[in-house]
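Please read them with the structure open.

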Amino acid sequence: MSTHEHDPAHDAELLHVSELKNQEPPMYKVLLLNDDFTPMDFVVELIIKFFQKSMEDSVSIMLNVHHHGSGICGIYPRDIAETKVMQVNRYARDHSHPLCCRMEKS
């Protein structure tokens, strides 16, 4: 026979830790922001290159950026979203465009 008392609070804590381990990671939207200088064809090319979208989807995202001020290129776990934002911003700067990419929690 055990000399330890059963502690329901300890059981609840273990259950909570177990639930946290099984949760999906938080997801982040990767967005492009509109500007008045970056050519539309460059934005389409960039979406195809970094987000593996079709031409049709890339044009649709670009038009959202153009008409609504921003467009969602994809939703990813944090580390992937951060990498995509960094790659897109660097690519735009390397091509002398002010296009801005950012992420926000989904």
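1. From the N terminus on, the order of elements in the protein chain is α-β-α-α-β-α-β, that is, four helices and three strands. Helices (H or I, at least four residues) and strands (E, at least two) are DSSP runs, numbered from the N terminus.

2. This is a predicted model, in which local features need pLDDT of at least 70 and side-chain atom pairs count only at pLDDT 80 or more, while totals for chains, interfaces and linings use all residues. Residues are numbered from 1 along each chain as its sequence is written, and side-chain values use heavy atoms, with hydrogens and water left out.

3. Of the 106 residues in the protein chain, 29% are buried. Buried means under 20% relative accessible area, exposed over 50%, and partly exposed in between (1.4 Å probe, protein chains only). Among contacts (heavy atoms within 4.5 Å) between residues at least 6 apart in sequence, 70% join residues at least 24 apart.

4. Helix α4 covers residues 78-94. Its buried residues are Ala81, Lys84, Val85, Val88, Asn89, Tyr91 and Ala92. They lie on the same side of α4 because they cover an arc of only 160 degrees around the axis, the arc being that of the directions from the helix axis to the C-beta atoms. The face turned away from this buried side carries the exposed residues Asp79 and Asp94. Cover for the buried residues of α4 includes β1 (27-33), α2 (40-51), β2 (70-77) and β3 (100-105).

5. Which buried residue has no salt bridge, with Asp79 as the nearest side chain of opposite charge? It is Lys84, and Asp79 is 11 Å away. Lys and Arg count as positive and Asp and Glu as negative; His and the chain ends are not counted. Not counting residues up to four places away in sequence, Lys84 touches Phe50, Phe51, Gln52 and Tyr76.

6. The whole structure has three salt bridges, each a side-chain nitrogen of Lys or Arg within 4 Å of a carboxyl oxygen of Asp or Glu. In one of them, Lys29 pairs with Glu104, with the closest N and O atoms 3.6 Å apart. Lys29 lies in strand β1 and Glu104 in strand β3, so this pair ties together parts that are 75 residues apart in sequence.

7. Glu104 also meets Arg102 in a salt bridge (3.0 Å, N to O). Shared partners join Lys29, Arg102 and Glu104 into one network of salt bridges.

8. Glu82 and Arg78 form a salt bridge (2.9 Å, N to O). The two are four residues apart in helix α4, about one helical turn.

Terms used. Expected span 1.5 Å × (residues − 1).
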